[in-house]
Amino acid sequence: MSVELNHTIVHCRDKRESAQFLADLLDLTVGAEWGPFIPVVLANGVTLDFATAPTEAIAPQHYAFLISEAQFDTAFARVQELGIEYFADPHGRYPGEINRNDGGRGVYFPDPSGHGLELITRPYGG
């Protein structure tokens, strides 16, 4: 059997808020609560299992999503409508800009718990 990522736990301040934020942004479905988790399933079957954790226990992580150009247009418009600060780079040196790396488009912005989200339309090196 090949090795595949099946799921990862995303610690956040409010599991419902964070799961719904991502689902709304990327037109995904929030799954049924299961124990301490609320899942959001991605197209490749990987599940992000959101779990509420104390704020001091949340270590900001980075989550990058490869999406189509049309999905980028929709998601980026939502980021702008929500007034979320965004950047062309992961270090925040280019606020209010997107990048055009590898012939695609990309943008970085925070989720409600401070995790760094990235949307790209081309994989790195592609």
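Arg-122 is partly exposed, its relative accessible area coming out at 35%. This is a predicted model, and it holds 7 salt bridges; the views below pick out some of them.

**View 1. Arg-122 meets Glu-69 in a salt bridge.** The N-to-O distance here is 3.8 Å. The two partners come from distant parts of the chain, 53 residues apart: Arg-122 sits in the segment after β6 (116–120), while Glu-69 belongs to helix α2 (residues 69–81). Glu-69 is partly exposed too, with a relative accessible area of 33%.

**View 2. Arg-105 pairs up with Asp-73.** In this salt bridge the closest N and O atoms are 2.7 Å apart. Arg-105 lies in the loop between α2 and β5 (106–110) and Asp-73 in helix α2, so the bridge ties together parts 32 residues apart in sequence. Arg-105 counts as buried because its relative accessibility is 15%, under the 20% cut-off. Asp-73, at 43%, is partly exposed.

**View 3. Glu-33 and Arg-16 form a salt bridge.** Their closest N and O atoms are 3.8 Å apart. This pair also links distant parts of the chain, 17 residues apart, with Glu-33 in the loop between α1 (15–26) and β2 (38–41) and Arg-16 in helix α1. Glu-33 is partly exposed at 45% relative accessibility, and Arg-16 is partly exposed at 39%.

How values were computed:
Residues are numbered from 1 along each chain as its sequence is written. This is a predicted model: local features need pLDDT of at least 70, side-chain atom pairs count only at pLDDT 80 or more; totals for chains, interfaces and linings use all residues. Side-chain values use heavy atoms; hydrogens and water are left out. A salt bridge is a side-chain nitrogen of Lys or Arg within 4 Å of a carboxyl oxygen of Asp or Glu. Helices (H or I, at least four residues) and strands (E, at least two) are DSSP runs, numbered from the N terminus. Buried means under 20% relative accessible area, exposed over 50%, partly exposed in between (1.4 Å probe, protein chains only).
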